Amino acid sequence: MSNPRPDTFRLSFLCPRYWGIWVGYGLLRLIGWLPYQTKFTVGKAIGRLLYRVAPSRRRLVRKNLTIAFPGKHDNDLESLVKDHFESLGISLIETSINLWGEHRNTSHHNQPNPHFHFTGLKNLENASGQGVLLVVPHFTTIETTGLMLSKVIPFRPIYRKHDNALMEYFITKSRTLVTDEGDTVKPLMNTDTRAMIKALKKGDAMMILPDQRYRAKGKVDVPFFGKNAPSNPGICKLAKLGNAKVLPVFTRRIGIDYEMTILPGLDNFPSGDDYQDVLRLHALYEAEIRENPAQYLWSHNRWSLKKGKDF
């Protein structure tokens, strides 16, 4: 018997081992009914709670920020840590919006969102005619980035399979979107290289998040904020084999609004030198992070720090 699709509901999801996830899901659903602006207030409160109840994660965030911004004073670092946790809390709210927002209603497909603002849409037009890799580093605005992109281009999100089947179901559902034209776009698993290359050759667009720690075969150690980080050069292979343009995309949360910037397609990418190509991407990430430090995902162990030794 073949394995069920990740977006297929199973009766086994009702077993006791999933009840904790259902509680969290239920809370998010309740939050989803709050007024739009109130959701952000609640999100910040959730973040402040996470700051207090997750000391190990808090130490990791602080260590990561110390590496990235060695010249910052302790008080400034601690303030940034707190801002980051508030941003994490809001990201949970954004997941709720993505799962149950008005865009899920077909009658709202063609309605513009007054909170979404775009710069660089012309760069998308210039890349038409071939596959497009939309490079989105791990900021806490990932869920909203996917939603905003769905408003301007049909694309396939690339994601890593979650170990928990119910979480996999929820993630797949949240990242399956219907475009303004009524097309359903489903995510692609990051292990399905063949499907990704086929889609790119067909001229499709894909959203890829290549900036997290990578320790599998083929990794390259590339400086990130001056410290070597195990990195995935797979985007270079995808761009080459799929004949795709690579466009970095950054989204900033400003109050209750969002500003997305789509950069021009990178010239001579890939160059044939994976190290230099990834270093080039890292430089772009760093420039954006310096402008918007609290919203990058510092709670991820990017530099393979060892608990108890490094933080």
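Predicted model: local features only at pLDDT ≥ 70, side-chain atom pairs only at ≥ 80, totals over all residues.
Me: Why do the buried residues of α9 line one face of the helix?
Reply: Buried means under 20% relative accessible area, exposed means over 50%, and partly exposed is in between (1.4 Å probe, protein chains only). In α9, residues 234–241, the buried ones are Ile235, Cys236, Leu238 and Ala239. They line one face because, seen down the helix axis, they fall within an arc (taken from the directions from the axis to the C-beta atoms) of 165°.

Me: Which exposed residues does α9 carry on the face turned away from its buried side?
Reply: The buried side of α9 is covered by elements including β2 (131–135), α8 (193–201), β7, β10 (244–254) and α10. Turn to the opposite face and you find the exposed residues Lys237 and Lys240.

Me: How far does α3 reach from its first C-alpha to its last?
Reply: The expected span of a helix is 1.5 Å times one less than its number of residues. α3 runs over residues 55–68, so 14 residues, and the expected value is 20 Å. The actual reach is close to that, at 20 Å.

Me: What arc around the axis do the buried residues of α3 cover?
Reply: Leu60, Val61, Asn64, Leu65, Ile67 and Ala68 are buried in α3. They sit on the same side of the helix, because the arc they cover is only 155°.

Me: What covers the buried residues of α3?
Reply: Leu60 and Leu65 are among the buried residues of α3. Their cover and that of the other buried residues includes α4 (74–100), β9 (227–231) and α10 (274–291).

Me: Is Met206 buried or exposed?
Reply: Met206 belongs to strand β7, residues 205–208. Setting aside neighbours within four places in sequence, its contacts (heavy atoms within 4.5 Å) include Val132, Leu134, Phe155, Leu188 and Leu200. At 0% relative accessibility, Met206 counts as buried.

Me: Which side chain does the side chain of Glu143 make a polar contact with?
Reply: Glu143 is in helix α6, residues 142–152, and it's buried at a relative accessible area of 11%. A polar contact is a pair of N or O atoms within 3.5 Å; within protein, one must be able to donate a hydrogen and the other to accept it, and residues adjacent in sequence count only if both atoms are side-chain atoms. At 2.7 Å, the partner of Glu143 is Asn98.

Me: How many aromatic pairs does the structure hold?
Reply: Rings of Phe, Tyr and Trp (its six-membered ring) pair if their centres lie within 6.5 Å; planes under 30 degrees apart are stacked, over 60 edge-to-face, and the rest tilted. One cluster is formed by Phe69, Phe139, Phe224, Phe225, Phe250, Tyr296, Trp298 and Trp303. The pair count for the structure is 22.

Me: Which residue lies over the face of Phe224?
Reply: A charge sits over a ring if NZ of Lys or CZ of Arg is within 6 Å of the ring centre and within 35 degrees of the ring normal. Phe69 has Lys72 over its ring, 5.7 Å from the centre. For Phe224, at 5.6 Å from the ring centre, it's Arg302.

Me: What is the phi of Phe225?
Reply: Phe225 sits in the loop between β8 (220–224) and β9, and it's buried at 9% relative accessible area. Most residues other than glycine have a negative phi, and most peptide bonds are trans. Phe225 isn't a glycine, yet its phi is positive, about 55°.

Me: Which residues does a cis peptide bond join?
Reply: Look in the loop between β11 (257–262) and α10, where Pro270 is placed. Asn268 is in that loop too, exposed at 59% and with a positive phi of about 50°. The cis bond, with omega about 5°, joins Phe269 and Pro270.

Notes: Residues numbered from 1 in each chain as written. Heavy atoms only, no water. Helix = DSSP H or I, 4+ residues; strand = E, 2+ residues; numbered from the N terminus.
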